[in-house]
Amino acid sequence: MSPRWNWDFEDEKRPAADTAAPPPPEVPSGGEQPAPVQRRRRLAAIAVVVAVASAAAVAALSGSHHQGSGSSAALRAAPQLPRQSPPGAPGGLSLRERKAVNSVFSYTPFVRQGGTRGREVALTFDDGPGPYTPGVLDVLERHHALATFFAIGRMERYFGDSTARQIRDGDAVGDHTENHRDLALLTRHELREELFEPLARVELLGGRRPRLLRPPYGSFNAVTMRELHALHLLMVLWSVDTGDYLHPGVATIVARALEGARPGAIILLHDGGGDRSQTVAALPAIIERLRARGFDLVTVPRLLLDDPPPHGERLPTSLKGD
């Protein structure tokens, strides 16, 4: 596993004397658990997700389109103009966008960028939802911009309200596995569990079943690709890595995003996995300067609809990143 990975909620084995003290609600407890305990924890987690989804549905009916539970007080007080999302499309994906994903999946198992005929780029965020995801959503909502979020399944237990908010906003939500494990090191059974559980969690939060998967660390092998094919998941890599997970500074994150921006670019950022305050601070300038250069910010499914990648792209053997 990459030594750069820096969870701000890193699992740690608890000493036996401390087992009676429950962990804080935002911090997953660590260590291996017996199978019956794991089953009870999973059932409890699903119950929490269902409750969050019900609460989100009530909020959507009684409030404005953007009054998600992760919103700041200012956003709740001041209604936002709706970002563009197709009407009647749960998860923000139109029928045409879903068909576009199917079309691309029919001739390639992965995408690293879109085509180069248009002026669209896709901002993507990995490793959430987490404590900094509401800040990212605040910025996107203020700028009426859409993005694609690749979510870690287990984090939905604690921050599922942010994913529900993404769904309401019209963002695309993809699979980033259940526990952010290196897919190339897993057995077929382990791989199937890592891939499948986040799909169910997103559906319970009100979204359509994700069709996009981003592998942690850019790690995959032949077994991974066979399982993705069986689950009808298109692997989404990236053409621009901002390196924001290394905390290089706001100016550096902005500069890297702009330097790699080309028609069809897929830009890698992070809303979870550590302190993402620099990413949140850099995001307004990234959006404003990309638009100043004439780029439209779209979700990955929209990019595949408007300007799909060409046929015949060769699958890379590995990518570096989180």
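Biologist: How many of the 10 residues of α4 are buried?

Modeller: A residue is called buried when its relative accessible area is under 20%, exposed when over 50%, and partly exposed in between, with a 1.4 Å probe and protein chains only. Helices are DSSP runs of H or I with at least four residues, strands are E runs of at least two, and both are numbered from the N terminus. In this predicted model, eight of the 10 residues of α4 are buried, so the helix is largely enclosed by the rest of the structure.

Biologist: Which residues of α4 are buried?

Modeller: They are Thr133, Pro134, Val136, Leu137, Asp138, Val139, Leu140 and Glu141. Residues are numbered from 1 along each chain as its sequence is written, and side-chain values use heavy atoms, with hydrogens and water left out. As this is a predicted model, local features need pLDDT of at least 70 and side-chain atom pairs count only at pLDDT 80 or more, while totals for chains, interfaces and linings use all residues.

Biologist: At what angle do α4 and helix α9 pack, and how far apart are their axes?

Modeller: Two packed helices are described by the angle between their axes and the distance between the axes. The axes are lines fitted to C-alpha atoms, for helices over the stretch in contact, and the angles run from 0 to 180 degrees between N-to-C directions. For α4 and α9 (residues 277–292), the angle is about 20 degrees and the axes are 9 Å apart. Angles under 35 degrees count as roughly parallel, over 145 as roughly antiparallel, 65 to 115 as roughly perpendicular, and the rest as oblique. The two helices are therefore roughly parallel to each other.

Biologist: Which residues make the contact of α4 with α9?

Modeller: Contact means heavy atoms within 4.5 Å. Here α4 contributes Gly135, Val136, Val139 and Leu140, and α9 contributes Val280, Leu283, Pro284 and Ile287. Ala, Val, Leu, Ile, Met, Phe, Trp, Tyr, Cys and Pro count as nonpolar, Asp, Glu, Lys and Arg as charged, and the others, Gly among them, as polar. On that scheme the contact of α4 with α9 has seven nonpolar residues, one polar and no charged ones.

Biologist: How does α4 pack against helix α5?

Modeller: The angle between α4 and α5 (residues 156–169) is about 15 degrees, with the axes 10 Å apart. That makes α4 roughly parallel to α5. In this contact, Thr133, Pro134, Leu137, Asp138 and Glu141 of α4 meet Ser162, Arg165, Gln166 and Asp169 of α5. By class, these residues divide into two nonpolar, three polar and four charged.

Biologist: Is the crossing of α4 with α5 left-handed or right-handed?

Modeller: A crossing is left-handed if the near helix is turned anticlockwise from the far one by less than a right angle, and right-handed if clockwise. α4 passes α5 in a left-handed crossing, whereas α4 passes α9 in a right-handed one.

Biologist: At what angle do helix α6 and helix α7 pack?

Modeller: Helix α6 (residues 188–204) and helix α7 (residues 222–230) pack at about 50 degrees, with axes 10 Å apart. That makes α6 oblique to α7. The crossing of α6 past α7 is right-handed.

Biologist: What is the phi of aspartate 127?

Modeller: Most residues other than glycine have a negative phi, and most peptide bonds are trans. Aspartate 127, in strand β2, has a positive phi near 80 degrees and is buried at 0% relative accessibility. The peptide bond from glycine 128 to proline 129 is cis, with omega near -5 degrees. Proline 129 belongs to the loop between β2 (120–128) and α4.
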